[in-house]
Amino acid sequence: MNSTIETSAVEAREAQVVATIELPDGEPYDVTVADLVRMLDKAELSEDGQHVVWTGAKTADGYGTVHMGGHTMYVHRITYQFVNGPIPEGLLLDHRCRIRHCCSAACLEPVTNAENILRGESPSAINARKTHCKNGHAFNLENTRSCTSSGRSRRVCLACEQSRNAARYLQAA
Ligand SMILES: [Zn+2]
Ligand SMILES: [Zn+2]
């Protein structure tokens, strides 16, 4: 076997396009077998076998990144497009598993920005998901009012508010 022929056969295979994705600037990019192999090198199955975790570079907030087509790309945006095609216009990808460096397409769901904030890990998102106040009263329609302070809206438990007011009244008396 001639080794030059072998090498060029490998090169041809590596140059094969496996998927076309959209770069952050909106330009299309043909992902090759070589790109894919490079990515697989940094991807690992989680211990429970449910997630594909990224062992390569990450952003400060924990999302996996890779260089592709002259851009730094979020790994999960690439894997999603491998499996599902283009990300619907105007939507963000939400990690349903909340593991930010997970790049399993099965864990990703396109959502609006508002949904993403609500589902996220910001203090307001975590509070929005709570069903009870810190004293165990239910955040239901009758027991909750919303209060806006310094531009943020939060929920106030009326049962707690009443007992706070009662305590204040008793102190004042
Ligand atoms: Zn996951
Ligand atoms: Zn309460």
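Let's start with burial: a residue counts as buried under 20% relative accessible area, as exposed over 50%, and as partly exposed in between, using a 1.4 Å probe and protein chains only.

Some ground rules come next. This is a predicted model, where local features need pLDDT of at least 70 and side-chain atom pairs count only at pLDDT 80 or more, while totals for chains, interfaces and linings use all residues. Residues are numbered from 1 along each chain as its sequence is written, chains are lettered from A and ligands numbered from 1 in the order in which they are written, and side-chain values use heavy atoms, with hydrogens and water left out.

## The zinc sites

A donor here is an N, O or S atom within 2.8 Å of the metal (3.2 Å for Na, K and Ca); water is not among the atoms, so sites may look incomplete. Four donors count as tetrahedral if all angles lie between 85 and 135 degrees; four are square planar and six octahedral if opposite donors are over 155 degrees apart and all others between 65 and 115, and anything else is irregular.

| Zinc ion | Protein donors | Distances |
|---|---|---|
| ligand 1 | His51 (ND1), Cys97 (SG), Cys102 (SG), Cys107 (SG) | 2.0 to 2.4 Å |
| ligand 2 | Cys133 (SG), His137 (ND1), Cys157 (SG), Cys160 (SG) | 2.0 to 2.2 Å |

Take the zinc ion (ligand 1). Its four donor atoms make angles of 97 to 119°, and the site is tetrahedral. Along the chain the donors are spaced H-x45-C-x4-C-x4-C. Histidine 51 sits in the loop between strand E3 (43-45) and strand E4 (52-54), and cysteine 97 in the loop between strand E7 (92-95) and strand E8 (108-111), so this pair ties together parts that are 46 residues apart in sequence. Helices (H or I, at least four residues) and strands (E, at least two) are DSSP runs, numbered from the N terminus. Histidine 51 is buried, at 12% relative accessible area, and cysteine 107 is buried at 9%.

Now for the zinc ion (ligand 2). Angles of 102 to 118° between its four donor atoms make the arrangement tetrahedral. The spacing of these donors reads C-x3-H-x19-C-x2-C. Cysteine 133 belongs to the loop between helix H5 (123-129) and strand E9 (144-149), whereas cysteine 160 is in helix H6 (residues 158-172), so the two tie together parts that are 27 residues apart in sequence. Both cysteine 133 and cysteine 160 are buried, the latter with 9% relative accessibility.

What about disulfides, meaning pairs of cysteine sulfur atoms within 2.5 Å? A search of the whole structure finds zero of them.

Contact in general means heavy atoms within 4.5 Å. Setting aside neighbours within four places in sequence, glutamate 161 is in contact with Arg145 and Val156.

Alanine 138 lies in the loop between H5 and E9 and is partly exposed, at 29% relative accessibility. Beyond residues up to four places away in sequence, alanine 138 touches Thr131, His132, Asn143 and Thr144.

## Helix H3

Helix H3 (residues 75-84) has these buried residues: Val75, His76, Ile78, Thr79, Tyr80 and Gln81. Glutamine 81 has 7% relative accessibility, and its side chain reaches the backbone oxygen of arginine 77 at 3.0 Å. Leaving out neighbours within four places in sequence, glutamine 81 is in contact with Ile21, Glu22, Pro86 and Ile87. After H3 comes glycine 85, with a positive phi near 85°.

Most residues other than glycine have a negative phi. Arginine 98 is not a glycine, yet its phi is positive, about 65°. You'll find arginine 98 in the loop between E7 and E8, partly exposed at 33% relative accessible area.

Note on methods: A disulfide is a pair of cysteine sulfur atoms within 2.5 Å. A polar contact is a pair of N or O atoms within 3.5 Å; within protein, one must be able to donate a hydrogen and the other to accept it, and residues adjacent in sequence count only if both atoms are side-chain atoms.
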